[in-house]
Amino acid sequence: MSFDLNTIWFILVGVLFTGYAILDGFDLGIGALHLFTKKDEERRIMLNSVGPVWDGNEVWLVTGGGALFAAFPDVYATAFSGFYLALILLLVALIFRAVAIEFRSKRPEFWWRQTWDIGFSVGSILSALLIGVALGNIAWGVPIDGNGEFGGTFLGLLKPYPLLVGVTTVALFMMHGAIYGVMKTEGELHDKLRRWAMNSIIFSSSAPQ
Amino acid sequence: MVAIGTLLILIAALGAFFSWRKVLHQKRWLLWILVFSVLGPEIANQFGWFAAEVGRQPWLVYGLMRTPEGLSAVVKANTVLTSLILFTFIYFLLFAVFIYLLNDKSSMAHMTTV
């Protein structure tokens, strides 16, 4: 087996995207669980648990994209053109999720906090879902012609199998986030998160069926 | 971008000097400049992007690939336009929230100090 530059970068890009899924996985999971508690203080604690790390985690995605661009420009070109709408949607979800973390606590009104809480949670779930759908499409195979051009449509990416992988990813991240939350909290919220962790383990192991 | 950055450093230095002399609150003209200097970093940020994106033309990758060669065959012009309009809308929306919060914060600071 030759261990050339292509192979090394193939592994490196894999490591970067895997690292992203592991790291951003738990803070997207915390986001997905965010609306399950109605208490303002518990929501604050959940945000605080990922507060110092979530943006660092997202850098893995940026680095992965950059590495793909530098090492495999043809793959990058095909993926970013073919998945254009999906990636724009992912970007919108990530933007609203990020600003929600910062804006939420700036005003005490219920409607204000509720709006940003929904932004944070929906943004997190949508991000996880889209990442999973992308993964599902890559596993299933996407139509690409001889010139390396994507031949499908955005709606064509939402086939049942990729959608199931998307739901599984949301479930997996929820489990990951809940376990992270169990590690970071104590008291009543800790017990709640422990229950959610159990439920999301059941959810994520039943989702593929 | 550099000009705005330098100007902001000067404004901040002047503000720090007046603050040290404890006369900052009497210099209404400087306080007004400070209010509008909030826009400085935002403008510098956007101008920086304009300079980078316009300045590299006609190259996509300098010396290697021209912009027309990087044209995507499967992304239609109106799709790009839609995403551009979408992000412009998001930028303005978030900018409005930012200004609202900033105004809110400074009126609260005013109440606590006076």
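In this predicted model, 17 residues of chain A are in contact with 17 residues of chain B, where contact means heavy atoms within 4.5 Å. The two chains bury about 1500 Å² between them, 81% of it on carbon and sulfur atoms; buried area is the accessible area (1.4 Å probe) that two parts lose on being put together, summed over both. In chain A, the residues that lose the most area to chain B are A:Tyr84, A:Phe103 and A:Arg107, together 31% of what that side buries.

Local features need pLDDT of at least 70 and side-chain atom pairs pLDDT 80 or more, while totals for chains, interfaces and linings use all residues. Residues are numbered from 1 along each chain as its sequence is written, chains are lettered from A and ligands numbered from 1 in the order in which they are written, and side-chain values use heavy atoms, leaving out hydrogens and water.

**The interface of chains A and B**

- The rule finds 1 salt bridge across this interface, a salt bridge being a side-chain nitrogen of Lys or Arg within 4 Å of a carboxyl oxygen of Asp or Glu.
- A:Arg107 forms a salt bridge with B:Asp104, and their closest N and O atoms are 2.6 Å apart.
- Helix H4 (73-82), helix H5 (84-103) and helix H6 (110-140) of chain A each give two or more residues to the side that touches chain B; helices (H or I, at least four residues) and strands (E, at least two) are DSSP runs, numbered from the N terminus.
- H5(A) gives the most to this side, with 9 residues.
- By class, the side of chain A that touches chain B has 12 nonpolar, 2 polar and 3 charged residues; Ala, Val, Leu, Ile, Met, Phe, Trp, Tyr, Cys and Pro count as nonpolar, Asp, Glu, Lys and Arg as charged, and the others, Gly among them, as polar.

**Salt bridges in the whole structure**

- Over all chains, the structure holds 9 salt bridges.
- One of them joins A:Arg97 and A:Asp27, with the closest N and O atoms 2.8 Å apart.
- This pair links distant parts of the chain, since A:Arg97 is in helix H5 of chain A and A:Asp27 is in helix H1 of chain A, 70 residues apart.

**Backbone features of chain B**

- A cis peptide bond, with omega about 5°, joins B:Gln57 and B:Pro58.
- B:Pro58 lies in the loop between helix H3 (39-55) and strand E1 (59-61) of chain B.
- B:Lys22 is not a glycine, yet has a positive phi of about 60°.
- B:Lys22 is placed in the loop between helix H1 (2-20) and helix H2 (28-37) of chain B.
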